[in-house]
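Hi,

Here is the structure I promised to pass on. Have a look at it first, and my notes follow below.

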Amino acid sequence: MHHFEYRGDELFCEGVALKQIAEAVGTPTYIYSHATLERHYRVFDQALKQSGKPHLICYSVKANSNLAVLRTLIGLGAGVDTVSRGEIARALAVGCDPKKIVFSGVGKRDDEIEFALNSGILALNVESHGELEAIERVAARIGVRAQVALRLNPDVDAETHPYISTGLTKNKFGIPVAQAKEEFRFVRAQKHLDVIGIDCHIGSQLTKTAPFLDAIYRLGDLARALAQDGVQIRTLDIGGGLGIPYKGDGGETPPSPDEYAAAVTLALKAFGDLEVTLICEPGRVIVGNAGVLLTRTLYVKQGEVKNFVIVDAAMNDLIRPAFYDSYHAIWPVEKRPADPIVCDVVGPICETGDFLARDRQLETRPQPGDLLSVMSAGAYGFTMASNYNTRPRPAEVMVRGEEFFVVRKREELAELWCNESVPAFLQNV
Ligand code: LLP
């Protein structure tokens with residue numbers, strides 16, 4: 001459910017015509033619906049109540065880190081899942097309670113660990129023995145006790161794109177379950193580590209509940225075994241990963257938040273009567289369908305074997321199609337009488353991989369100047385954008401009711417090279 005709908009022939013986000021935003025802000029522009037963000041968060045939060053456990057939603061900042069998006073979710077009670085010092089700092093900048101921040105990632109640097117510890121976050125989700133040693137060393141140096149959770153690799157197949165599968169032993173993430181007891185013993189012997197829980201994240205854009213169930217069962221078995229060893233787990237972080245429908249009717253059908261929560265609730269039985277707080281790290285399911293990328297058609301080119309609709313958004317603005325061969329629906333901002341075309345929707349970048357859609361049937365052949373809305377672009381859209389081809393990244397706009405707000409202005413060209421310099425020896429050549 002989202003709030004991008006046609007009123008007559010015109011596409012609106014809540015009460016604002018997308019055309020109006022294009023005229024005021026230009027294109028390409030990401031547009032986020034505040035009401036959709038709120039709705040997605042509330043539905044997810046409500047669904048988790050059926051688990052019967054206290055829960056904390058740590059929204060995964062990497063999906064969309066715009067301050068206005070973060071503030072919206074934090075205002076609704078969310079904490080955050082972060083993977084860098086920068087993400088922690090962003091969340092703190094918009095008033096996130098440090099006690100609701102978790103810090104994941106396989107490659108935390110000492111300065112990042114120190115920043116996290118000094119910020120007093122809830123937990124560092126630790127992914128290796130070396131990282132435990134690093135945290136102990138940094139915590140001892142600054143004189144604090146570090147709260148850690150062990151991220152475990154449950155070796156389950158998330159059945160998603162291989163680049164976004166993370167829960168198999170061949171992936172770089174987490175500590176093997178078989179090694180967990182040993183690591184817990186190590187942690188207990190350290191003076192500056194306080195282990196609060198266990199964690200896993202098996203992948204992203206999951207469209208089935210079974211892999212989540214398998215992973216939680218495995219963690220439950222481990223938690224019971226640890227309890228027998230006298231180690232009490234207080235938090236169970238099950239990561240993110242719930243998929244969204246990108247294709248609409250007839251496409252993938254991921255479980256609803258309710259179905260997901262029902263599966264989680266069932267799997268939690270593996271924890272017996274252990275008292276745990278459930279932590280979830282959803283990203284895509286909260287923001288994915290709350291955002292679109294608005295772009296304008298530049299040319300329609302008839303090749304010898306293909307039609308190309310050339311638009312002003314490119315792979316630097318939305319890399320998902322090029323990187324994962326992902327599908328994003330493309331809707332006309334103004335509906336016109338049917339005049340179907342099968343085409344590649346491509347950007348101006350000098351790479352054959354620069355496409356937003358391939359062999360796509362559009363109901364109406366776009367004309368130069370026509371606006372198109374690339375749907376479901378709220379997650380991993382702007383956050384993965386780059387300046388490739390020295391293109392300023394898109395502006396970002398948030399719509400709330402009848403109003404819209406520029407929540408990130410378009411980059412100026414000079415900003416793109418303001419940190420570069422030409423050394424003296426090159427100045428007179
Ligand atoms: N927690 C951890 C530790 C993660 O690594 C991720 C995503 C999440 C939570 C949130 O997962 P979500 O609920 O959004 O599926 N760029 C890719 C997705 C990469 C996901 C990386 N980790 C894409 O565009 O599909």
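Helices (H or I, at least four residues) and strands (E, at least two) in what follows are DSSP runs, numbered from the N terminus. Residues are counted from 1 along each chain as its sequence is written. Bear in mind that this is a predicted model, where local features need pLDDT of at least 70, side-chain atom pairs count only at pLDDT 80 or more and totals for chains, interfaces and linings use all residues, while side-chain values use heavy atoms, with hydrogens and water left out.

E14 sits in the loop between strand 2 (10–13) and strand 3 (16–17), and has a positive phi of about 50° despite not being a glycine. E14 is buried at 14% relative accessible area (buried is under 20%, exposed over 50%, partly exposed in between; 1.4 Å probe, protein chains only). D359, in strand 18 (residues 355–362), also isn't a glycine and has a positive phi of about 45°, but D359 counts as exposed, at 52% relative accessibility. There's a cis peptide bond too, between T27 and P28, with omega about -5°. P28 belongs to the loop between helix 1 (18–25) and strand 4 (29–33).

On to the domains, whose bounds come from an automatic or database domain assignment. The protein chain is split into domain 1 (4–31 + 288–417) and domain 2 (65–282). Their C-alpha centres are 33 Å apart, and the contact (heavy atoms within 4.5 Å) involves 15 residues from domain 1 and 13 residues from domain 2.

Next, the packing. A nonpolar core here is a set of buried Ala, Val, Leu, Ile, Met, Phe, Trp, Tyr and Cys residues joined through side-chain atoms within 4.5 Å. The largest one has 100 residues, and L236 and F271 touch the most other members. Helix 8 (residues 210–228) gives this core its largest share, 8 residues. Beyond four places in sequence, the contacts of L236 include I198, I216, L268 and F271.

Finally, the ligand. Which residues are closest to the ligand? They are S204, E281, R320, Y324 and Y380, out of 18 that surround it (a heavy atom within 4 Å). For polar contacts (pairs of N or O atoms within 3.5 Å), a ligand oxygen is 2.8 Å from a polar backbone atom of G241. A ligand nitrogen lies 3.2 Å from a side-chain N or O atom of D81.

Cheers

Terms used. Polar contact = N/O pair within 3.5 Å; in protein donor to acceptor, adjacent residues only side chain to side chain.
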